[in-house]
Amino acid sequence: MGFGRGFDSRIPTQTLIDLTNGMLLRYDRNVKVKLSDLKPFASDPKAVDEILKTGDHVVYEYYENVVEGGFIYGVTIIYPGLIGEEYNFTRGHYHLRGDADEIYIGIKGKGLLLMQDKRGDFYSYPIERGYIVYIPGEYAHRTVNIGEEPLIFLYIYPANAGHDYESIKMKGFKKVILRRDGKPILVDNPRYRE
Ligand code: F6R
Ligand code: ZN
């Protein structure tokens, strides 16, 4: 019993997070997303090809626990870096269930959380240690690491939410975060389709 025990769905459980590096003592799965996976989501796909000539790498990964009929919760770690001028970012997605809200809690690093709904309503909120962002189910969400260390945050959402990545692949996010003069700026995405 106690830390690290396997999780049955309908009994109380507990684990531990190392707040210095985001590692969970126990998790059901680890997903690594590489630069090559991000090509359809990047504002500058040619920049992706250019970097891939010298090899692929993990841009971000997440570790999570899945409680069927309950919540999925875990930690995302986005490594620092650029894809052309664009800061490292997650693919971003809508939840298939519009009533499946999500909460992000910043642990370490410096980031921005971009959110938009299908009417084109758009928000950008900082995500850093101690920041809590509530994401209503109808809002697509993407996180961007604008710092020089890994961006680490916790997330919690209903296990039946489902993910729609295709809409983001097809239409993109309205805005992207680029580095100009060493600083992040929010600009219109040239590849965004209404
Ligand atoms: C789950 C969620 C996060 C993201 C993770 C990676 O609904 O919002 O756990 O899944 O930060 O981002 P994506 O899934 O967009 O590659
Ligand atoms: Zn989500």
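**Reading the zinc site and the ligand pocket**

Mentor: In this predicted model, the largest pocket is the space taken by ligand 1.

Trainee: Which residues are the closest to ligand 1?

Mentor: Ligand 1 is surrounded by 16 residues, and the closest of them are Y60, R91, G92, Y104 and Y165.

Trainee: Which polar side-chain atoms lie by the oxygen atoms of ligand 1?

Mentor: A polar contact is read as a pair of N or O atoms within 3.5 Å. Here a polar side-chain atom of Y60 lies 2.4 Å from an oxygen atom of ligand 1, the side chain of T76 places an N or O atom 2.9 Å from an oxygen atom of the ligand, and for a polar side-chain atom of H95 the distance to a ligand oxygen is 3.0 Å. Of the 400 Å² of accessible area that ligand 1 has on its own, the protein covers 99%.

Trainee: What are the protein donors of the zinc ion (ligand 2)?

Mentor: They are H93 (NE2), H95 (NE2), E102 (OE) and H141 (NE2), at 2.0 to 2.2 Å from the zinc ion, and their spacing along the chain is H-x1-H-x6-E-x38-H.

Trainee: What geometry does the site of the zinc ion have?

Mentor: The site is octahedral, with 6 donor atoms and angles of 76 to 175 degrees among them.

Methods. Residues are numbered from 1 along each chain as its sequence is written. Chains are lettered from A and ligands numbered from 1 in the order in which they are written. This is a predicted model: local features need pLDDT of at least 70, side-chain atom pairs count only at pLDDT 80 or more; totals for chains, interfaces and linings use all residues. Side-chain values use heavy atoms; hydrogens and water are left out. Donors are N, O and S atoms within 2.8 Å of the metal (3.2 Å for Na, K and Ca); water is not among the atoms, so sites may look incomplete. Four donors count as tetrahedral if all angles lie between 85 and 135 degrees; four count as square planar and six as octahedral if opposite donors are over 155 degrees apart and all others between 65 and 115; anything else is irregular. A residue is near a molecule or strand if one of its heavy atoms lies within 4 Å of it. A polar contact is a pair of N or O atoms within 3.5 Å; within protein, one must be able to donate a hydrogen and the other to accept it, and residues adjacent in sequence count only if both atoms are side-chain atoms. Accessible areas come from the Shrake-Rupley method with a 1.4 Å probe; for residues, only the protein chains shown count as cover. On a 1 Å grid over the protein atoms alone, a cavity is a set of points where a 1.4 Å probe fits but cannot get out, and a pocket is an open set with protein on both sides within 12 Å along at least five of seven lines; lining residues have an atom within 4 Å of a point. A molecule sits in a cavity or pocket if more than half of its atoms lie within 2 Å of its grid points.
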